[in-house]
Every structure is written in structure tokens, then in C-alpha cells.
Amino acid sequence: MGEWIGKILGYLAAAFCIAFIGFAILIITLLNGGQIFYAPLVIVVTVVCLIYMFMLFFVPTKLRIANRSLVGLLVVCALTVTGYEINQAYHNSIPTVSEQDFDLRAYQPYQDNTKAQSLGQPATLKLDSNLPRLDGATALYPLYSAFVQAVYPKKEYDLHDHQVRASTTPEAYEYLLDGTADMIFVAGPSTQQLAVAKEKGVEMKLTPIGREAFVFFVHADNPVKGLTTEQIQGIYSGAITNWQEVGGKNEPIRAFQRPENSGSQTALEKFMGNIPIMEPPNENRVSGMGGIIEKTSDYKNYPNAIGYLFRFFATEMVQNGNIRLLEVNGVLPSKATIADQSYPLSSEFYVITAGSQNPNVPKLIDWILSEQGQALVEKTGYTPLTGY
């Protein structure tokens with residue numbers, strides 16, 4: 001009896017140590033974002049070690065079988081981990097289309113070799129003081145940088161400069177509604193942004209200053225050249241799930257989405273109307289002690305994926321040869337089809353104000369709508385308003 005009690009106590013002690021070590025490794029794994037693959041692997045290995053230890057204490061006659069089984073398991077685990085890491089390396093090597101990865105410093109005004117377009121003649125408006133504080137969408141920074149280069153005093157305007165800031169659409173709306181930006185250059189507001197403005201008692205004034213196309217794109221190797229609006233709505237509602245349903249290969253469709261309240265996500269919501277949008281495919285990342293799941297929203301350039309942005313960013317700023325813009329209802333997005341409005345997903349973009357008392361704000365808006373301002377809209381790569 002004493003021998004068995006000793007074995008039981010020894011096993012419990014060993015089991016506690018194994019379980020404690022397994023639990024600690026599991027927590028570390030979860031905190032480092034390994035909940036999809038490594039966490040289950042840690043659990044399986046811990047359970048197997050507990051079983052092995054049980055056999056070691058209570059079934060020593062089967063120890064040879066247990067040893068072989070343990071070695072076999074370790075070999076299988078090693079091969080599985082190797083295969084998983086190879087797959088992850090391939091996944092990470094696939095290029096993304098991401099606004100965050102784009103270096104806007106190339107468009108800073110008044111910099112040597114800046115990509116910001118020059119007016120080519122003296123501007124009819126020159127501001128030396130009371131400079132309106134500007135911000136806007138990533139894709140529109142090249143445009144309002146060109147406005148600054150034409151009208152503002154010559155000096156260095158850092159991307160985080162309070163006078164000419166380069167944020168993202170959601171941040172630009174936040175700064176506008178908080179009163180730390182006088183003018184923002186963006187697509188129209190989302191339902192949530194309108195609700196926040198109403199809650200703050202702020203009235204936004206939207207002034208159209210140009211036109212742009214909302215575009216969908218696929219991998220360059222995808223045989224599908226175009227989709228109808230109904231097919232795109234079917235894809236993003238989840239009703240259409242395979243490229244074969246729209247004339248492509250027999251592959252599942254990975255329909256990526258952009259962050260909530262971004263300009264392109266708001267455009268998708270308006271395009272979908274009352275049709276519910278399905279949950280996007282995500283990579284899961286554990287962030288912090290709470291294990292918060294962070295959704296990734298950059299377009300991953302899988303051969304079977306579809307994504308969307310605005311035409312200028314997708315074609316002029318990124319120039320990713322691995323993607324191809326889709327025709328919509330048989331019309332390819334271009335400056336010409338945006339201008340004549342034959343492309344069905346073309347829309348206006350705006351300069352938006354929210355009650356700024358800066359006396360130069362209306363002057364700058366009037367200049368942007370003038371022949372000179374609209375010429376810069378066109379030179380930058382956007383479509384100016386008709387009749388300028």
C-alpha cells in the first residue's frame with residue numbers, strides 16, 4: 001500500500017509540474033498571438049506528457065511502447081511546426097495593398113524632388129498668416145499638399161505639422177470635430193461620423209472639389225475581368241462565395257474589407273445600401289493581457305482575393321503590378337469614364353469644414369474651386385469638377 005501511495009504522490013507532483021509548465025507556455029503563446037496553431041499544440045503535447053508520465057509510474061511494462069509513441073509524437077510535432085512556419089513565411093511574403101505602408105514624405109510640399117504637383121504659375125491667392133489647419137485621407141494628401149505648395153508660405157511642412165497634417169480618414173474626422181483641424185479633404189462621412197457630429201452639436205459643411213472612382217481589384221492572374229454591381233454586392237453580402245459563380249476558377253472568394261469609418265469602407269457601405277455586409281476574412285492577433293482580437297484590414301494579394309480602394313491610390317500612389325482593376329457593368333475606371341460618369345461607382349470627394357472661424361478658410365475653398373485649383377486637381381491625377 002505504501003508503495004502505491006508513493007507512486008500516486010510522485011505522479012501527482014510530476015503531473016502538477018508538467019501542467020504548470022504547460023500552462024505557463026500556453027499563456028506566453030497566447031500573448032504572442034499563437035492561439036490558432038501553437039496554443040492547441042501546447043495543449044496536446046502537455047496532455048501526451050501527462051499520459052506518458054502516468055504510464056511511467058503505473059504501467060512500466062508498456063514503457064517501450066510509450067517511448068516509441070512519445071518519439072513519434074515529437075517527430076510529428078516537429079514536421080507540423082516546420083510545415084506551419086513554411087506556410088506562414090509564404091503568407092507573409094504575399095504583398096499587401098496598405099495605406100499604412102505608403103510613405104507620404106515623397107509628396108511633402110516644398111521639398112526637393114517632391115511629387116506634389118506644381119501650379120506652374122503664381123497663384124491668385126497667397127496666404128501668409130492665419131493658415132487654415134489641414135488634414136485628410138491618405139489618398140488625398142498629394143492633392144492638398146499641392147494646394148499648400150501653391151498658396152502657403154514656403155517652409156517645411158512635416159507630415160505631423162499642426163498646419164498641414166497627414167492622417168487617415170477616421171483621424172481627420174476626429175480632428176475636425178474636435179476643432180483641431182479647420183479643413184479636411186476626404187470622401188463623405190460615414191453614418192457613425194455623422195452621429196458623432198450630431199452628438200457634439202457640430203454641423204459639417206461638405207464642398208465637392210473633384211471626382212474619383214471607387215474601384216474593386218483582384219490579383220493580376222485572376223481571369224475575371226469585370227463584375228456587375230449585383231455580383232459585387234453578392235460577393236460582399238456572402239451570397240456569392242466562389243469565383244466559378246462569376247466566370248472564374250473554382251476557388252473560394254476572399255473578400256477583404258477596409259477599417260470601419262475609413263473612406264473606402266464608407267464607400268462600400270453606401271454601395272451596398274440596405275444589403276448587409278458579411279464579416280471579412282481576418283488574421284487573428286492577440287493584443288495585451290485581455291487577449292483582444294485585432295482585425296487586419298490591409299488587402300492581402302491572394303490569387304483568389306478581391307479588395308477595394310479609390311482609383312488614384314490604387315493606380316498612381318501604390319502602382320502595384322500584381323493587382324488589376326475590375327470593370328464594373330462593363331466599364332473600366334479611368335479619368336475619362338469618371339469625367340463622363342459612365343463608370344457607375346464614381347463620386348465626388350470633398351473639403352469639409354465644421355464652423356471654423358479662420359477667415360482664410362472660405363478664401364482657400366473659393367481658390368480650390370477656381371480654375372487654378374481645379375487645374376491642380378487634374379494635374380495631381382484626380383478628375384476636376386465639370387465646367388471649371
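This is a predicted model: local features need pLDDT of at least 70, side-chain atom pairs count only at pLDDT 80 or more; totals for chains, interfaces and linings use all residues.
β3 has a parallel pairing with strand β2 (residues 134-136), made over three bridges. Within that pairing, Leu-134 stands opposite Met-183 of β3. β3 also pairs with strand β13 (residues 346-353), here in the antiparallel sense and again over three bridges. Val-351 of β13 is the bridge partner of Phe-185.

## Packing of helices α4 and α11

Two packed helices are described by the angle between their axes and the distance between the axes. For helix α4 (residues 141-151) and helix α11 (residues 360-368), the angle is about 105 degrees and the axes lie 12 Å apart. Angles of 65 to 115 degrees count as roughly perpendicular, and α4 and α11 are therefore roughly perpendicular to each other. On the α4 side the contact is made by Phe-147, Ala-150 and Val-151, and on the α11 side by Leu-364, Trp-367 and Ile-368. Sorted by class, this contact has six nonpolar residues, no polar residues and no charged residues.

## Ala-150

Ala-150 belongs to helix α4. The cut-off for a buried residue is under 20% relative accessible area, so Ala-150 counts as buried at 9% relative accessibility. Leaving aside residues up to four places away in sequence, Ala-150 touches Leu-119, Ala-123, Leu-125, Lys-126, Trp-367 and Leu-376. One of these, Trp-367, is also among the α11 residues in the contact with α4. Ala-150 and Gln-372 are separated by 222 residues in sequence, yet their C-alpha atoms are 9.5 Å apart in space.

## Helix α7

Which residues of helix α7 are buried? In this helix (residues 229-237), the buried residues are Thr-229, Ile-232, Gln-233, Gly-234, Ile-235 and Tyr-236. They pack against the strands β4 (205-219), β5 (226-227), β6 (254-255), β10 (305-310) and β12 (327-328), and against helix α8 (263-272). Gly-238 follows α7 and has a positive phi, near 95 degrees.

Most residues other than glycine have a negative phi, and most peptide bonds are trans. Asn-113 has a positive phi, near 60 degrees. Asn-113 is placed in the loop between β1 (96-97) and β2, and at 77% relative accessibility it counts as exposed.

Asn-329 also has a positive phi, near 55 degrees. The loop that holds Asn-329 runs between β12 and α10 (335-339). At 40% relative accessibility, Asn-329 counts as partly exposed.

## Cysteines

A disulfide is a covalent bond between the sulfur atoms of two cysteines. How many disulfides does the model have? With a cut-off of 2.5 Å between cysteine sulfur atoms, the count comes to zero disulfides. Cys-17 counts as partly exposed, at 43% relative accessibility. Cys-49 counts as partly exposed as well, at 28% relative accessibility.

Notes. Residues are numbered from 1 along each chain as its sequence is written. Side-chain values use heavy atoms; hydrogens and water are left out. Axes are lines fitted to C-alpha atoms, for helices over the stretch in contact, and angles run from 0 to 180 degrees between N-to-C directions. Helices (H or I, at least four residues) and strands (E, at least two) are DSSP runs, numbered from the N terminus. Angles under 35 degrees count as roughly parallel, over 145 as roughly antiparallel, 65 to 115 as roughly perpendicular and the rest as oblique. Contact means heavy atoms within 4.5 Å. Ala, Val, Leu, Ile, Met, Phe, Trp, Tyr, Cys and Pro count as nonpolar, Asp, Glu, Lys and Arg as charged, and the others, Gly among them, as polar. Buried means under 20% relative accessible area, exposed over 50%, partly exposed in between (1.4 Å probe, protein chains only). Two strands pair if DSSP finds at least two bridges between them.
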